[in-house]
Amino acid sequence: MAEPAMVERGIHSLIAASNHLKSSLGKSKAIGVALERTSPRFDEIEQRLPSLEAAVRPIRADREALVAVGGHINRAVGPAAAVLKVFDAVHGLEKSLLSDPKNDLSSYLAVLKRLEEALRFLGENCGLAIQWLEDIVEYLEDHSVADEKYLSNLKKSLRGLREFQQEKARLDGGLRDAALDKLENEFRRLLKDNSVPLPMASPSPSLGEQACIAPSQLPVTVIHKLQAVLGRLRANNRLEKCVSIYVEVRSSNVRASLQALDLDYLDISVTEFNDVQSIEGYISQWGNHLEFAVKHLFEAEFKLCNDVFERFGSNVWMDCFSKIAAQAGMLAFLQFGKTVTDSKKDPIKLLKLLDIFTSLNKLRGDFNRLFGGAACAEIQSFTRDLIKKLIDGAAEIFWELLVQVEIQKQIPPPSDGGLPRLVSFVTDYCNKLVGDKYKSTLTQVLLIHKSWRSERFQENQLTVEILRIIKMIEQNMDSWMKAYPDQTLAHFFGMNNHYHLYKSLKGTRIGDQLGDSWLKEHDQYKEYYATVFLRDTWGKLPSHLSREGLILFSGGHATARDLVKKRLKSFNDAFDEMYKKQSTWVVPEKDLRERVCQQIVQAVVPVYRSYMQNYGPLVEKDASSSKYVRYTVVALEKILSSLYIPRPMRYGSFKGTPPSEKLRNDVDLRRTTSAVV
């Protein structure tokens, strides 16, 4: 009974298993069909798995890393957002900064200052913002909380930002440079519009008749604007460019002012003139023009440079002024002085060198104040060289004067018995040297020259040397008198020259030093030679009109007439010969000439008049009377009164070659055609 039950149960189990198997097979078939239908979707899922994996990676990342990443991102995004905001502000300034500054300069400068502040902020914070962004990228990469491709793109963007940040000029797209260029143009415009040379003003006392030009001054408001512009440009390292603009405009303005003074002579070279006498007028103008330029034009520029650039230090404005002075023509003034010193030696040159030294010495305080800074080193050097040349040149000419006068002794005396040019020149020249105009200057020059050589200079050394020159003239006169073969002409020469020494030196400082006895001696020599000359020449004429043997009322008319004819002919021949001989002689001093002629007239005319009154009728009725009565009394007096009038003469310098030891620096001291003869 037990076994059938077991079998039955087994059959039921098989049947159940068979049914379950059939059911499972059916389900398997259904699943297979379903799988076949969903196969494309599996392929799509398989393709999306990597991206899905990346998307869910943060979920798989370390929890602490996920918590910290938010703080990193917030710290990086804050500065970056601020930088972006400032960038937007910079672009907002563009319209204002590209406008013309002259419309509202103060507002323009304020906007530019805001731009500078913005750029300064960007310069200081761009790098920091980028660094923080780089830090967050590095954090994301280290903790695998971001996709590698995403991180790669971030790194590339940050590298671009870093390069951009290093090129600071690109932070504003060139806006600041454009604004600064406009400010430079406004700086130039302000200067040009207010630096026009003013028209002629009233004459300056130092220029005499030469009208002067008032220097162009800048209004205070303009100076303030210039200073404001300079402040912004200096803050952007453009001060040097501003100085260049300032120098260009202001030096041009000074040159325009000086052009009205006609300074073309400053460019003259040594080869363009024979001696200083040919440019003597220019030298006189030079002193006045230099004084005007220094005391008015350069003084004004000096003050203006200080006013405009005072906030930037003395080095800046002094450098600016030195460039203006150099470019405006200060060196040209000094070069002209040097040109004069380089000309050939001549006593007149000594006076001109002293004139130039006086002009410079008069302006010494102004020179030291205006050009004493280190920035004016070139002008200082040129001035020192010029002063040295002036002192050396003047001293050398002065100490050679005595030798030059002595050399003239070798030259023949004048054939007209007048004054050798040396005598008239030297007396006048020496009076000038010890006169009010030159004595103190020449003394100062000689003192400096001696001190350079560590030699002593006595206070009266100038006067002593001048007296030696005058006494050398005396010696020359004695030699020249002895050189005349005609003693009459020698006496005539002595009369002229002794009187000239007496007249030209009486009442002068030289005459006072020589003394009254010296002057009186020459006056006496003049009288002596005049007396001897008249006695030996015109004083002999009356003897030809002797009355001996003439008895008008004895009845011997024929005999008397013959004697009168003979004696008139003798007088006429002697007169004609003497007049012919002396017609080329001269007495340069008018008062002496009139006196000598008067003495000749007094010696001859009264005798001739009396003779003709008494005996003239004996021959006037004769057919040949014109042979014996050649001159009327009036004509004779007129002829004698017009004797010794000098022809126009030209006064010059010395002539001759000094001893070889007097030659220095290969300078030939021989004189030109204007030399004394």
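At what angle do the axes of α9 and α10 cross, and within what distance do they come? In this predicted model, the two axes cross at roughly 160° and come within 12 Å. An angle over 145 degrees counts as roughly antiparallel, so α9 is roughly antiparallel to α10. As for handedness, α9 passes α10 in a right-handed crossing. On the α9 side, the residues in contact are L239, V243, Y246, R250, V254, S257 and L258. They meet A293, L297, F298, E301, L304, C305, V308 and F309 of α10. Sorted by class, this contact comes out at twelve nonpolar residues, one polar and two charged.

Taking contacts between residues at least 6 apart in sequence, 81% join residues at least 24 apart.

How far can the coordinates be trusted? The mean pLDDT of the chain is 79, with 69% of the residues reaching 70 or more. Helix α19 (residues 487-505) has the highest confidence, at a mean of 97, while helix α2 (residues 57-60) has the lowest, at 49. Residues 1-8 have a pLDDT below 50, and beyond near neighbours in sequence this stretch makes zero contacts in the model. Residues 208-214 also fall below 50, but here the model shows 24 contacts beyond near neighbours in sequence. Where pLDDT is low, the predicted coordinates should not be read in detail.

Back to α9, which has another packing partner in helix α7 (residues 175-193). Here the axes lie 10 Å apart and the angle is about 25°. With angles under 35 degrees counting as roughly parallel, α7 is therefore roughly parallel to α9. The crossing of this pair is right-handed. From α7, the contact draws on E184, F187, R188, L191 and K192. From α9, it draws on K241, C242, I245, Y246, E248, V249 and R250. The class count for α7 with α9 is six nonpolar, no polar and six charged residues. Among the α9 residues, Y246 and R250 turn up in the contact with α7, and Y246 and R250 are also in the list for α10.

E240 sits in helix α9, and its relative accessibility of 68% makes it exposed. Its C-alpha atom is 9.7 Å from that of C320, although E240 and C320 are 80 residues apart along the chain. In helix α10 (residues 280-309) there is E280, which is partly exposed at 33% relative accessibility. E280 and L351 are 71 residues apart along the chain, with their C-alpha atoms separated by 9.9 Å.

The crossing is left-handed, whereas the one between α9 and α10 is right-handed. Contributing from α15 are F398, L401 and V405, which meet L422, V426, Y429 and L433 of α16. What classes do these residues fall into? The contact of α15 with α16 has seven nonpolar residues, with no polar and no charged ones.

N237 has a phi near 60°, a positive value in a residue other than glycine. The loop that holds N237 runs between α8 (220-235) and α9 (239-259). N237 is exposed, with a relative accessible area of 74%. S454 likewise has a positive phi near 60° without being a glycine. Its loop lies between α17 (439-452) and α18 (461-483). A relative accessible area of 71% puts S454 in the exposed class.

Technical notes: Residues numbered from 1 in each chain as written. Predicted model: local features only at pLDDT ≥ 70, side-chain atom pairs only at ≥ 80, totals over all residues. Heavy atoms only, no water. Left-handed = near helix turned anticlockwise from the far one by under 90°. Helix = DSSP H or I, 4+ residues; strand = E, 2+ residues; numbered from the N terminus. Contact = heavy atoms within 4.5 Å. Nonpolar A, V, L, I, M, F, W, Y, C, P; charged D, E, K, R; others polar. Buried < 20%, exposed > 50% of the residue type's maximum accessible area, 1.4 Å probe, protein only. pLDDT = per-residue confidence, 0-100. Axes fitted to C-alpha atoms, helices over the stretch in contact; angles between N-to-C directions. Parallel < 35°, antiparallel > 145°, perpendicular 65-115°, else oblique.
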